[in-house]
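Visitor: I have a chain on my screen and would like a friendly tour. Could you walk me through it?

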Amino acid sequence: MRLSRFHLSTAREAPADAEIASHRLMLRAGMIRKLAAGIYTWAPLGLRVLRKVEAIVREEMQRAGAIELSMPCVQPRELWEESGRWEKYGPTLLKMRDRREQEYCFGPTHEEIICDFFRSEISSYKQLPVTFFQIQTKFRDEIRPRFGVMRAREFLMKDAYSFHLTQDSLGETYQAMYGAYSRIFTRLGLGFRAVAADSGAIGGDVSHEFQVLADSGEDAIAFSNASDYAANVELAEALAPDMVRPEPAQALQRVDTPSRKTIEEVSAFLKVSPQQCVKTLLVRGVEGVVALCVRGDHELNEVKASKLPELGGESVLAPEEQVLAATGAHAGSIGPVGLPGDVPVIVDRAAAVLADFVCGGNRDDTHYTGANWQRDARITRVADLRKVKAGDPSPDGKGTLEIARGIEVGHIFQNGDKYTRSMNVTVLDDTGKSRTPITGCYGIGVSRIVAAAIEQGHDERGIVWPEPMAPWRVAICIINPRNDPAVSQAAESLYAELRARGVDAALDDRGLRPGPMFSDIELIGIPHRVVVSERGLAAGTFEYRGRRDAESRQLDRQELLALFGPAE
């Protein structure tokens, strides 16, 4: 590609509302342009990167046996009502009406459509297992789109769906998809972790997220320092302490703690460690309120809490009037001592082994010291309620946990019959009996990968792409092409030979001064830069610099070509 004939529009500064590195650099590099909140035009430079990601995703999906198709973006209400998600999906579902007043949505995902396609096309067990995939635009009406394409409303996604008659068959395809995803992110040159995860709104019992590791990541990942265990912090199990609760040694005593409501304030005022305090939260339950108790230095894990049968699938703090009715105090002064008998008290494993602890006094501006379970406060049951912390024992028994930040770029699920049963999808088995197939769902945020790669790879000069994702692998920069035709000829010759070898090369023939030209090449992140100049020609060398290199090197033609491998 000759850059003089390419639309390359870079900028020195990014808009003030660009909050993270990928958003700033994609705008400065001219990869994207904002059309509306969370909706972007992919400019030619950005599209080159996007298509390279898409090609690798497509190759690996086909290698894993998936069959490509393309489903409509606009989906009829009737199918979403069959699955029960027309109302349940919530306000992120963009709904619309046509001129006949028929209702549709712009698809955020395609479980309903693939099930409808399957039931009209597949009738026999002999056609199973089968996996279909597409790479297509999705729309989710995010309440607060931000961070550029990292959290956009319109985005490009690869979604795949598999159908099976047995759990063993589903498990085999799930592992094949796990392997395909691992190959995709490895080929893209990304540092990533596959982590056990919560299935969320998609549903199902088994799922894994693929997280690109980056300090700016929104997700926290827990992983062992001595094994390959990794899980989203929301899902990672916090093991019970290897100890027995001590016998009480103190008397229960109510003390005044004026205006002290947080664990930090209370523990500092009473001169005790936060680890010796119990934090109590009242949440809405299926029948009244439920008390959840965790150790003072721990955080409640809302995903774990939502799975408690007493909470009915969600973890929501009880409103103030319910808290007052149950405890006689406001939040910040509530505790497990003296709670009404109809309030279940569910205690985290680490909090359950405490003795002589501090907790809220159920009277404003008071706390108890010397509180003990069973003697002063009852326990309905003990459960894993908290988020894990760095240094906790790994759930697999190997090493301890470390915490890193990650950006979710892929998610795979085993859905069971969540969609096929509600949509009456059946096939005939080998006995002629009608059976409901089970499914798997496998998504990759193709456009999000681009932003995640930048978050993982950038510096003060711009983007640092992994080679497989870069818009071009090498840029050939011509210094003063009009002053010496031999310089242009040498650059043209090198450009032609690299392209003949199958190297994706860009020829910077725009006639810019070296400073602005090099700044552009570094900003857009081209991995290799070759400078052709009069001085170099006189010495028989080219100036070479890798994007991550601190210094340039002088290489002759053969040394330079050897960097890019043999001719194809």
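Guide: Here are some questions and answers on the chain as a whole, a sheet, some salt bridges and a loop residue.

Visitor: What kind of model is this, and how are residues numbered?
Guide: This is a predicted model, in which local features need pLDDT of at least 70 and side-chain atom pairs count only at pLDDT 80 or more, while totals for chains, interfaces and linings use all residues. Side-chain values use heavy atoms, with hydrogens and water left out, and residues are numbered from 1 along each chain as its sequence is written.

Visitor: How many helices and strands are there in the chain?
Guide: Helices (H or I, at least four residues) and strands (E, at least two) are DSSP runs, numbered from the N terminus. The C-alpha trace spans about 95 × 70 × 50 Å along its principal axes. Within the chain there are 16 helices and 30 strands.

Visitor: What share of the residues counts as buried?
Guide: Buried means under 20% relative accessible area, exposed over 50%, and partly exposed in between, with a 1.4 Å probe and protein chains only. Of the 568 residues of the chain, the buried share is 51%.

Visitor: How many salt bridges does the count come to?
Guide: Side chains of opposite charge can pair when their charged atoms come close. The rule asks for a side-chain nitrogen of Lys or Arg within 4 Å of a carboxyl oxygen of Asp or Glu. By this rule the count is 47.

Visitor: How far apart are the closest N and O atoms of arginine 85 and glutamate 112?
Guide: The pair links distant parts of the chain, with arginine 85 in helix α4 (residues 85-88) and glutamate 112 in helix α5 (residues 111-121), 27 residues apart. Both arginine 85 and glutamate 112 are buried. The closest N and O atoms of their salt bridge are separated by 2.7 Å.

Visitor: Is glutamate 87 buried or exposed?
Guide: Glutamate 87 forms a salt bridge with lysine 95, whose closest N and O atoms are 3.9 Å apart. Lysine 95 has 34% relative accessibility and so counts as partly exposed. Glutamate 87 has 57% relative accessibility, so the class is exposed.

Visitor: What is the relative accessible area of lysine 138?
Guide: Lysine 138 and aspartate 159 meet through their side chains in a salt bridge (2.9 Å, N to O). This pair links strand β7 (residues 130-139) to strand β8 (residues 154-164), 21 residues apart. Aspartate 159 is buried, at 1%; lysine 138 is also buried, and its relative accessible area is 0%.

Visitor: Which residues does aspartate 392 touch, not counting those up to four places away in sequence?
Guide: Aspartate 392 lies in the loop between β19 (381-383) and β20 (401-416). Its relative accessible area is 12%, so aspartate 392 counts as buried. With contact taken as heavy atoms within 4.5 Å, the residues that aspartate 392 touches are Arg386, Thr400 and Leu401.
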